[in-house]
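The stops below can be followed in order.

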Amino acid sequence: MFDQADAVLLARIQFAFTVSFHFIFPAFSIGLASYLAVLEALWLKTGRTVYLTLFKYWLKIFALAFGMGVVSGIVMSYQFGTNWSVFSDKAGPVIGPLMAYEVMTAFFLEAGFLGVMLFGMNRVGRGLHFAATLMVAIGTFISAFWILSANSWMQTPAGFSINEVGQFVPESWLEIIFNPSFPYRLAHTVLAAYLTTALVVGAVGAWHLLRDRRNEAARVMFSMATGLVMVAAPIQIFAGDMHGLNTLEHQPAKVMAMEGHFESHPDGAPLILFGIPDQEAGEVRHQIAIPKASSLILKHDPDAPLDGLETVPREDWPYVPIVFWSFRIMVGLGFLMLVLGGFALVQRLRGRLHTSRALHRFALAMGPSGFVAVIAGWVTTEVGRQPFTVYGLLRTAQSASPLEAPAVATSLLIFIVVYFIVFGSGTLYILKLMHKAPQTATPDQARDDETEEHQPVRAAGITPAPAVHAGRARYAGSNMGGRHGPGAHASPTREER
């Protein structure tokens, strides 16, 4: 039934589907790794058990999200060779090394310290374990650095030349890595990851506060999360504005599609809030607009002229309806995050941060908004770049592998089924972990943890069994003396506890 389908369109849908699944996990794990590092630092500095409780609570969730992110990323990368082999051939001399740098730096760093972070709390010293947590957090950032550098080069290519066989070859790696849009995209994406994590943590805290407002761990996580939203949301709006100005300079057609400007406006362009873009007719129907506001935002002058898509060859237009609406979803959610941060600030100042049920319900409803916003932002960026894979130089239709539509459709259907089963199950398990309330350890439990943390664990192959048996023998012997015998007040060994 796919004989008449467009193989390129199916390949684009497949890549969009797999990368959308992949993107939500790094967007969560980047922020969560940093949050774990902060929690462990606060525990080491203050000694408060609640920080250790939260660290252990979110560590399990991080491990699952990190694992699903790695698996989905590996699957996605194979498509460069299957569905986009021409792109891999032509852009490989630039994109290939950037991807390799990500593996050799970030992935090796994360893989090297992740085991210590997950399983080494009672096996290594506090300082070394905290160092491992920091290395994992830094590794997630370095991974984002290289991946976003590669993506930004596709948006704003620089530092290259084209050889005799049509390949992009490096001329200046500094210009390639730090291409014109990279600093703005890096800041915007990393802030989005931190906001996404803060919203999830805040939603989990709100959920447990609605059930028990006295839960100390829930109070701490909600306070930390809303504090980050309060600070990061306005910074993100500013970073997004700067990113938009950079996009206007280097990819004007994308901004025209985002704004819905099919026609040029020589005396100031309106800000179209809502409407129905008509790609064929070249207009936005039933629009609600603010006169000259777009020129004010993009040029900081209400009377500044702005070009429309009529100045761009029609074959180079992105698909405006998708870009138009994905951009509004992203921006709308961004302003809702700002409102949440402001609401939390007011309640914090009034001393009702942990008792305001309206705030908790709002935070709970905003929990998934970070994921929706990052996907909407990705759609705006990638669909707005069309019809090019390397902007202005290599068209998407020229980048695809010479495959028939049924072959692409078959793999797409398999991906859909497998992804929903595997990653759906993983997501449900994460939600199950979040549903369980974090419980701060009692003083006795805390002392037991302290004892265990200072007890070295022998390596595999050198069993402590003789010492264990000896300890048990002594304890058993002491009990033979009866209630008031010689061992009546002896303490049980750690193993017996």
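Predicted model: local features only at pLDDT ≥ 70, side-chain atom pairs only at ≥ 80, totals over all residues.

**Stop 1: helix α3**

Select residues 85-119, which form helix α3. This helix has 35 residues, but its end C-alpha atoms are only 40 Å apart, short of the 51 Å that a straight helix would reach at 1.5 Å a residue. Where does α3 bend? Go to Gly 92: α3 bends there by about 85°, and a proline, Pro 93, follows within four residues. Then show side chains along α3. Its buried residues are Phe 87, Ala 91, Val 94, Ile 95, Leu 98, Glu 102, Ala 106, Glu 110, Leu 114 and Met 117.

**Stop 2: helices α10 and α11**

Next, select α11, residues 357-365, together with α10, which covers residues 320-349. The axes of the two helices come within 11 Å and cross at roughly 155°. Angles over 145 degrees count as roughly antiparallel, and α10 and α11 are therefore roughly antiparallel to each other. The crossing of α10 past α11 is left-handed. On the α10 side, the contact is made by Leu 336, Val 339, Leu 340, Phe 343, Ala 344 and Gln 347; on the α11 side, by Ala 358, Leu 359, Phe 362 and Ala 363.

Stay on Gln 347 of α10. Is Gln 347 buried or exposed? Its relative accessibility is 2%, so Gln 347 counts as buried. Setting aside residues up to four places away in sequence, Gln 347 touches Arg 352, Leu 353, Ser 356 and Leu 359.

**Stop 3: helices α6 and α11**

To see the contact, select Gly 202, Ala 203, Ala 206, Trp 207, Leu 209 and Leu 210 of α6, then Arg 357, His 360, Arg 361, Ala 363 and Leu 364 of α11.

**Stop 4: Pro 302**

Finally, select Pro 302, in the loop between α9 (293-299) and α10. At 33% relative accessibility, Pro 302 counts as partly exposed. Which residues does Pro 302 contact, leaving aside neighbours within four places in sequence? They are Asp 267, Gly 268, Lys 292, Ser 295 and Leu 296. Draw a distance from the C-alpha atom of Pro 302 to that of Pro 270: the two are 32 residues apart along the chain and separated by 9.0 Å.

How values were computed: Residues numbered from 1 in each chain as written. Heavy atoms only, no water. Buried < 20%, exposed > 50% of the residue type's maximum accessible area, 1.4 Å probe, protein only. Contact = heavy atoms within 4.5 Å. Expected span 1.5 Å × (residues − 1). Bend = angle between axes of the 7 residues up to and from the residue. Axes fitted to C-alpha atoms, helices over the stretch in contact; angles between N-to-C directions. Parallel < 35°, antiparallel > 145°, perpendicular 65-115°, else oblique. Left-handed = near helix turned anticlockwise from the far one by under 90°.
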